[in-house]
Amino acid sequence: MSHAEDLAKRYIQIWNEADPAARRAEVAALWIENGTHYVREREVHGHAALETRVATSHQTNVAERNYRFEPNGGVEQLRDLVRFNWRMVPKGGGAVAATGLIVCLLAADGRIRIDYQFID
């Protein structure tokens, strides 16, 4: 598995992670300390804010609404840019509820410096 494929898999999985300690560790492993996440008009900066962003999404979409996030197609990398698609589906099966695109700009150590999340 390439670095880009591993990063995409771990990025999508973090939104499904129920354990706060595991989420915290994975935020630090995926993003640089001052990493930035953009989605719609929202900007999130740094590990603490990223943890809150992921935890809030998990609570709303996974815990309360009973969805899960999963990969939706291939992963591509071009230099320090990685792009991949995701979808949100009911845990018990059923129609896709949402899809989107992630574009990550990587730091020299391979972690995410900036990620842009587009929701279709």
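Trainee: Start with β5 and β6. In which sense do they pair, and over how many bridges?
Mentor: This is a predicted model, so keep that in mind throughout. In it, strand β5, residues 98-106, pairs with β6 in the antiparallel sense, over seven bridges.

Trainee: Which residue is the bridge partner of L106 in β6?
Mentor: I112 is the partner of L106. Elsewhere in the pairing, V103 stands opposite Y116 of β6.

Trainee: And what do β5 and β6 form together?
Mentor: A hairpin, with five residues between the two strands. In its turn, G110 has a positive phi of about 90 degrees.

Trainee: What about the other neighbour of β5, how many bridges join β4 to it?
Mentor: Eight bridges join β4 to β5, and the two run antiparallel. As an example, R87 stands opposite T99 in β5.

Trainee: How many residues of β5 are buried?
Mentor: Seven of its nine residues are buried, so β5 is largely enclosed by the rest of the structure.

Trainee: Back to β6. In which sense does it pair with β1, parallel or antiparallel?
Mentor: Parallel. Strand β1, residues 31-39, and strand β6, residues 112-119, pair that way over five bridges. W31 stands opposite I112 in β6. I112 is also the bridge partner of L106.

Trainee: What is D115 in contact with, beyond its neighbours in sequence?
Mentor: Leaving aside residues within four places in sequence, D115 is in contact with Y11, W31, T36, H37, Y38, V103 and C104. T36 is 79 residues away from D115 along the chain, yet their C-alpha atoms are separated by 6.4 Å.

Trainee: Okay, β1 again. How many bridges join it to β2?
Mentor: Four bridges join β1 to β2, and these strands run antiparallel. Y38 has E43 as its bridge partner in β2. The two strands form a hairpin with two residues between them.

Trainee: What is R40 doing with its phi?
Mentor: R40 has a positive phi of about 50 degrees, although it is not a glycine. R40 lies in the loop between β1 and β2, the latter being residues 42-45.

Trainee: Buried or exposed, that R40?
Mentor: Exposed. The relative accessible area of R40 is 62%, and the cut-off for exposed is over 50%.

Trainee: Now β3. Where is E70 found, and does it count as buried or exposed?
Mentor: E70 is in strand β3, residues 67-78. E70 counts as buried, because its relative accessibility is 19% and the cut-off for buried is under 20%.

Trainee: What is E70 in contact with?
Mentor: Apart from neighbours within four places in sequence, E70 is in contact with I12, W86, R87 and V89. W86 is 16 residues from E70 along the chain, and their C-alpha atoms are separated by 5.7 Å.

Trainee: Zoom out. How many helices and strands are there?
Mentor: Three helices and six strands. From the N terminus on, the elements run α-α-β-β-α-β-β-β-β.

Trainee: What is the radius of gyration?
Mentor: The protein has 13 Å; a compact globule of 120 residues would have a radius of gyration near 14 Å, so the two agree. Along the principal axes, the C-alpha trace spans about 40 × 30 × 30 Å.

Trainee: What share of the 120 residues is buried?
Mentor: Buried residues make up 39%. The accessible surface comes to about 6500 Å², and 50% of that belongs to carbon and sulfur atoms.

Trainee: Last one, charges. How many positive and negative side chains?
Mentor: There are 15 positive and 16 negative side chains, and the centres of the two sets lie 3 Å apart.

Notes
Residues numbered from 1 in each chain as written. Predicted model: local features only at pLDDT ≥ 70, side-chain atom pairs only at ≥ 80, totals over all residues. Heavy atoms only, no water. Rg over C-alpha atoms; globule rule 2.2 N^0.38 Å. Buried < 20%, exposed > 50% of the residue type's maximum accessible area, 1.4 Å probe, protein only. Areas by Shrake-Rupley, 256 points an atom, 1.4 Å probe, with all protein chains shown as cover. Lys, Arg positive; Asp, Glu negative; His and termini not counted. Charge placed at Lys NZ, Arg CZ, Asp CG, Glu CD. Pairing = 2+ DSSP bridges. Contact = heavy atoms within 4.5 Å.
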